[in-house]
Amino acid sequence: MTQSSAPAARLEVRHLTRAFGGKPVVADLSLTIAAGQVTCLLGPSGCGKSTTLRMIAGVERPDAGRIEIDGRLVSGEGSFLPPEARSVGLMFQDFALFPHLTVAQNVAFGLRDGREAKARRVDELLERVNLRGYGAKHPHELSGGEQQRVALARALAPRPRVMLMDEPFSGLDNRLRDGIRDTTLEVLKEEGTAVLLVTHEPDEALRMGDEIALMRDGRIVQRGSPYNVYNAPVDRAAAAFFSDVN
Ligand code: ADP
Ligand code: MG
């Protein structure tokens with residue numbers, strides 16, 4: 001019998017390690033995310049954020065460490081589940097929609113439900129991302145921001161336990177970005193998904209994260225609330241990294 005009363009972590013990463021050509025890129029990295037929580041993995045370009053996310057997604061093999069999703073071991077101790085067996089949703093900057101499929105078909109793509117349940121889920125998600133009535137359109141008829149909202153609906157459709165987002169907004173106009181960030185947060189909170197959002201932009205992490213994990217040279221150097229990380233940087237380099245935010 002287990003005595004723990006703490007809510008189970010949706011994502012639990014322990015001692016994750018990866019080197020390329022002898023050069024350590026992710027070094028002994030650990031993090032935990034609960035349901036409905038957004039953790040922003042923040043750090044300068046090249047510090048190992050995408051490699052971390054790719055290992056959690058199951059498209060890159062760790063050298064060492066373990067990954068659990070919803071209490072299930074998906075990587076480590078000799079096991080390595082493929083992405084489609086991990087219950088993860090993926091959103092990347094250049095993770096394009098299928099151009100030959102309609103919006104509704106794009107959103108339904110990962111669903112294995114019957115026709116009616118599928119249609120219900122698609123409608124529900126299009127409504128959530130404020131694209132009601134867009135189901136029959138094709139991606140090229142949509143703006144960049146609208147396409148990104150369809151991508152969000154598509155990633156969420158199979159109800160993934162964990163959502164992995166790698167700089168998902170960096171291809172968008174500044175003008176559009178704030179609105180899409182807000183919509184995305186709202187939808188993710190409604191769905192109760194645990195989110196790992198990778199970004200190199202401090203203002204994005206401060207705006208979107210319940211927690212920020214600040215990364216440098218393959219390691220997490222500080223973890224805390226946005227308030228804490230911004231107001232009590234762990235060292236001068238961390239302070240400098242946040243100094244451009246106003
Ligand atoms: P970030 O997303 O923080 O910008 P990445 O995880 O993409 O950083 O990359 C971290 C480092 O690992 C970089 O120096 C990059 O060149 C290197 N790297 C990433 N993937 C590979 C690979 N497949 N082969 C060799 N080096 C890689
Ligand atoms: Mg990257």
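**Before you start**

The model is predicted, so local features need pLDDT of at least 70 and side-chain atom pairs count only at pLDDT 80 or more, while totals for chains, interfaces and linings use all residues. Residues are numbered from 1 along each chain as its sequence is written, and chains are lettered from A and ligands numbered from 1 in the order in which they are written.

Helices (H or I, at least four residues) and strands (E, at least two) are DSSP runs, numbered from the N terminus.

**Stop 1: the antiparallel sheet**

Select E2, E1, E4, E5 and E6: these five strands form an open sheet in that order, with antiparallel pairing. Two strands pair if DSSP finds at least two bridges between them. Strand E2 (23-33) and strand E6 (79-80) each have a single partner strand, so one side of each is left without a neighbour in the sheet.

Now colour E1 and E2, which run antiparallel and are joined by seven bridges. Here Phe-20 stands opposite Lys-23 in E2. Two residues lie between the strands in this hairpin, and Gly-21 takes a positive phi near 55°.

Move on to strand E1 (residues 11-20) and strand E4 (residues 64-69), an antiparallel pair with five bridges. Click Glu-12 to find its bridge partner in E4, Glu-68. Next, E4 meets strand E5 (residues 72-76) over three bridges, again in the antiparallel sense. Ile-69 has Arg-72 of E5 as its bridge partner. The hairpin of E4 and E5 has two residues between the strands, and Asp-70 takes a positive phi near 55° there.

**Stop 2**

Angles run from 0 to 180 degrees between N-to-C directions, and axes are lines fitted to C-alpha atoms, for helices over the stretch in contact. Contact between two residues means that their C-beta atoms, placed from the backbone, lie within 7 Å.

Which residues are around ligand 1? Select Phe-20, Val-25, Gly-43, Ser-45, Gly-46, Cys-47, Gly-48, Lys-49, Ser-50 and Thr-51; the cut-off is a C-beta atom, placed from the backbone, within 6 Å of the molecule. Helix H1 (residues 49-57) gives the most to this shell, with three residues. By class, the shell has three nonpolar, six polar and one charged residues. Ala, Val, Leu, Ile, Met, Phe, Trp, Tyr, Cys and Pro count as nonpolar, Asp, Glu, Lys and Arg as charged, and the others, Gly among them, as polar.

**Stop 3: the mixed sheet**

Select the six strands of the other open sheet, in the order E7-E8-E9-E3-E10-E11, with mixed pairing. The edges are strand E7 (88-92) and strand E11 (219-224), each pairing on one side only. On average, neighbouring strands are turned by 20° against each other, direction ignored. Zoom in on strand E3 (residues 38-42) and strand E9 (residues 194-199), which run parallel with five bridges. Leu-41 stands opposite Val-198 in E9.

**Stop 4: helices H4 and H5**

Among the residues making the contact are Leu-152 and Leu-156 of H4 and Ile-180 and Val-187 of H5. By class, this contact has five nonpolar, four polar and two charged residues.
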